[in-house]
Amino acid sequence: MVGPGARGENVFSVQLMLQAHGYSLSIDGVDGPQTTGAVVSFQSAHGLSADGVVGPQTWPALIVTTSLGSSGSAVKALQRQLNAHGASLTVDGSFGPATQTAVKSLQSSHGLSVDGIAGPQTWNAALVGVKGAQAYSWPDVGQGASGENVFSIQLMLQAHGYSLSADGSYGPQTTSTVKAFQSAHGLSADGVVGPQTWPVLIITTSQGSSGSAVTALQRQLNAHGASLTVDGSFGPATETAVKNYQSSHGIGVDGMAGQQTWSSLVSTAGSPPPPPPPPPPPGQILWGVDTTSLVNSSFLSVVGNNYGTPQFIGRYIDAISFSPISASEASYIHSKGIHILPILSDFGGDTGFSKGVSRANDALAKASALGIPKGTILVVDIESGSSVDSGYIQGWNNTIAAAGYTVGYYENPLPGSSGFNSAFCSAIASDSAVANATLYSSEPSPGRTPASSAPAFGPTGLLCNGQNLGGHTSIWQYGLQGNGSVNIDTDELQSSVPLW
């Protein structure tokens, strides 16, 4: 029976069925005065005892039988109940093949005639002993949160067709998107992903699946100790990782990532990421590479065989035309004892103090989501073809330094290449603290070499009025991308640069 004060999935069903009968009321899963009043009105209209309680006499009258091709609130009620029994349906009010399959599965498991039609008998089975969203443990995740569960929420929303950034930071954009998702699925639109929202949000995947839902799964598995390539493709390696996780957590080992597996993943802390390697001794020159490619075992194998094992890798923390570094990728790099040089891509239009501040704040948000500790260098990429002015230089410098990170600029110091020289010198004239920044010079560029034949450290420094006031040129990209077996530039840097 469902009566005043009740909460949960059966109340959602009552409210949605009342809607299907033409009643206007809020769908919030709480049997308050509005719902009780609508039940009383429904009972009176159907010659039932008008006590406001949905029990054995009222349920049969309230239930609307649905089948393949049906649509509306009654189907939404059915889809929610089926999800409460372990299905992973999109609650869209459209009775399609997936809903029919879930109905047949429920009928089969309860010894009913398997016809795929949700009538009174099927509804009786759905309503008795409903596990509901509480069948598994689901955490509350809301605005201000960060980390792997937030990545999962964002990627699952993407898989449901919503457009938002997947940055691991639960900000206003994620909150508003969650609210839109909740409203579209008949959930209380509070912007918090909790026990009612998780089961509807999760998309079950298995071998052969692809897309953002698989990316979310691979990231979660890596956070729990797997070493998967996060490519959004559910292949044999991902299936094996799912089975290993299920086996180690007492879950039925079927290799499918459904609600029980996901509940365990998001409710248990993953293995802590490996710490970055210790800082190198002072006075050393380190050899490394920078790349726009995903760093995984295959990448390191090719680089190692052709060039040598890098001591650091420059990777982009945000990008337009390629994938930025992820937390799981960073963990993998660190597990190999390799440092990371974090770089923000050049998005163009590198002019104006406010733009420099905006780009710096973007970088700080990404650094926070990735767990990059303060003190680490954050380099902004300023390509040779980009316009740049002193305001942009100062905006980046002031914001990054105030947040406790080390300021870095990737630049070409040759006169006329981008205007960086004059912009940087003008910024120093306005604020001498800018000269403390670390410069990452792309000149001279003798070409890529293996580590064993790298040139002596000798980047071109930046001069202001004939004096080397242009900060500390401590990083040198001496070999730009050319023909070769792997997409890398080769670099050297002084060990005093605070890498991640």
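Author: We go through the features in turn, with the general idea before each case. This is a predicted model, where local features need pLDDT of at least 70, side-chain atom pairs count only at pLDDT 80 or more, and totals for chains, interfaces and linings use all residues. Residues are numbered from 1 along each chain as its sequence is written, and side-chain values use heavy atoms, with hydrogens and water left out.

Reader: How many residues line the second largest pocket, and which lie nearest its centre?

Author: First the idea. On a 1 Å grid over the protein atoms alone, a pocket is an open set of points where a 1.4 Å probe fits, with protein on both sides within 12 Å along at least five of seven lines; lining residues have an atom within 4 Å of a point. Now the case. The lining counts 29 residues, and A166, S323, P324, I325 and S326 lie nearest the centre. Elements giving two or more residues to this lining are α7 (148-159), α10 (212-223), β2 (312-318) and α15 (353-370). Such helices (H or I, at least four residues) and strands (E, at least two) are DSSP runs, numbered from the N terminus.

Reader: What is the volume of the second largest pocket?

Author: A volume is the space filled by probe spheres set on the points, which are joined across faces, edges and corners. For the second largest pocket that is about 620 Å³.

Reader: Is T215 buried or exposed?

Author: Buried means under 20% relative accessible area, exposed over 50%, partly exposed in between (1.4 Å probe, protein chains only). T215 has 18% relative accessibility, so it counts as buried. T215 sits in helix α10. Beyond its neighbours within four places in sequence, T215 has contacts (heavy atoms within 4.5 Å) with L155, V230, D231 and G232.

Reader: How many aromatic pairs does the whole structure have?

Author: Rings of Phe, Tyr and Trp (its six-membered ring) pair if their centres lie within 6.5 Å; planes under 30 degrees apart count as stacked, over 60 as edge-to-face and the rest as tilted. The search finds ten pairs. Take Y162 and F181: the centres are 6.0 Å apart and the planes at 70°, so this pair is edge-to-face. Y162 is in the loop between α7 and α8 (172-184) and F181 is in helix α8, so the pair ties together parts 19 residues apart in sequence. Y162 is partly exposed at 22%, whereas F181 is buried at 0%.

Reader: What is the geometry of the pair formed by Y410 and Y440?

Author: Edge-to-face, at 4.9 Å centre to centre and 85° between the planes. Y410 is in strand β5 (residues 406-411) and Y440 in strand β6 (residues 438-441), 30 residues apart. Y410 is buried at 9%; Y440 is buried at 1%.

Reader: Which residues does the ring cluster join?

Author: Ring pairs link Y409, F420 and F424. F420 and F424 are among the buried residues of helix α17 (residues 420-430). The cover over the buried residues of α17 includes α16 (390-402), β5 and β6.

Reader: Where does the charged end of R219 sit?

Author: A charge sits over a ring if NZ of Lys or CZ of Arg is within 6 Å of the ring centre and within 35 degrees of the ring normal. The charged end of R219 is over the ring of F151, 3.6 Å from its centre. R80 lies over the face of F12, also at 3.6 Å from the ring centre.
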